[in-house]
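Please read each one beside the coordinates.

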Amino acid sequence: MPPAGPGVGGPGAGADPEPGASAAASRLHLRAADIKQYMYCPRIPYYTYALPLPHRSSRKMEYGLEEHFRLERLEKRRRLSRYGLEEGERRFRVALDSPRLALSGVLDLLITTRLGRFPVEFKFSAGGPRLNHKYQLVAYALLVEDCLGCAVRAGFIYLVPSQQIHPVWITAEAREFCHRVMAAIRDSVARPGLPEPTRHRARCRDCEYRRFCGDRL
Ligand code: SF4
């Protein structure tokens, strides 16, 4: 079992989704990364799905891709005791697709031991794990359960700059909140008009959609 760690905040802890997706939007197929992005700024999934716009890779994204490959090579040589787990199987870049959830994504790492399966997301940001990272991980846990037919009780966020590994418990509240965020994304895409921007202006600095947000230039 992973060591006891922080759970995931319940409803109200992060974005403030309002459920009530229209019938047209209810089956919009999302990616697990959309949950992270919506909680970062509600406009990003809107730009992705309602107004597909050309966008260029940000410096952060390019750096992240290079680092992912380097990290995979390192991780293959490391022991799972770093996660508080006994030895097991490691699979990198696991593609998951659930028609039932209308959700898909490519998970960074899936650890399988005799105690169960544990999704792992690699993050390259400084500081502690962020709420949007945690709920992206919860979305991957839902995908693992649905695609591989098993229960997922916990996963991990691996913060690459600090080499810290944070366990995240996949609680009933976390699952419920993740479903609410997905409903809110589908609803916001179906509604006319641009969603409100994030309240955190600093997030606009490195955003690849910045040039489309006239109120944030
Ligand atoms: S520039 Fe700012 S408001 Fe616009 S999408 Fe990016 S984070 Fe959101």
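1. His179 counts as partly exposed because it has 16 C-beta neighbours inside 10 Å. By definition, a residue is buried if 20 or more other C-beta atoms lie within 10 Å of its own, exposed if 12 or fewer, and partly exposed in between, with C-beta atoms placed from the backbone. His179 belongs to helix 5 (residues 172-190), and its C-alpha atom is separated by 9.7 Å from that of Val138, 41 residues apart along the chain. Helices (H or I, at least four residues) and strands (E, at least two) are DSSP runs, numbered from the N terminus.

2. The model is predicted: local features need pLDDT of at least 70, side-chain atom pairs count only at pLDDT 80 or more, and totals for chains, interfaces and linings use all residues. Residues are numbered from 1 along each chain as its sequence is written.

3. Arg93, in strand 2 (residues 89-98), is not a glycine, yet has a positive phi of about 45°. Arg93 counts as exposed because 12 C-beta neighbours lie inside 10 Å.

4. Gln163 also has a positive phi, near 60°. This residue is found in the loop between strand 5 (154-159) and strand 6 (164-169), and 8 C-beta neighbours inside 10 Å make Gln163 exposed.

5. Which residues are around the ligand? They are Cys41, Arg43, Ile44, Pro197, Thr198, Arg203, Cys204, Cys207, Tyr209, Arg210, Cys213 and Arg216, where a residue is near a molecule if its C-beta atom, placed from the backbone, lies within 6 Å of it. This shell divides into seven nonpolar, one polar and four charged residues. Ala, Val, Leu, Ile, Met, Phe, Trp, Tyr, Cys and Pro count as nonpolar, Asp, Glu, Lys and Arg as charged, and the others, Gly among them, as polar.
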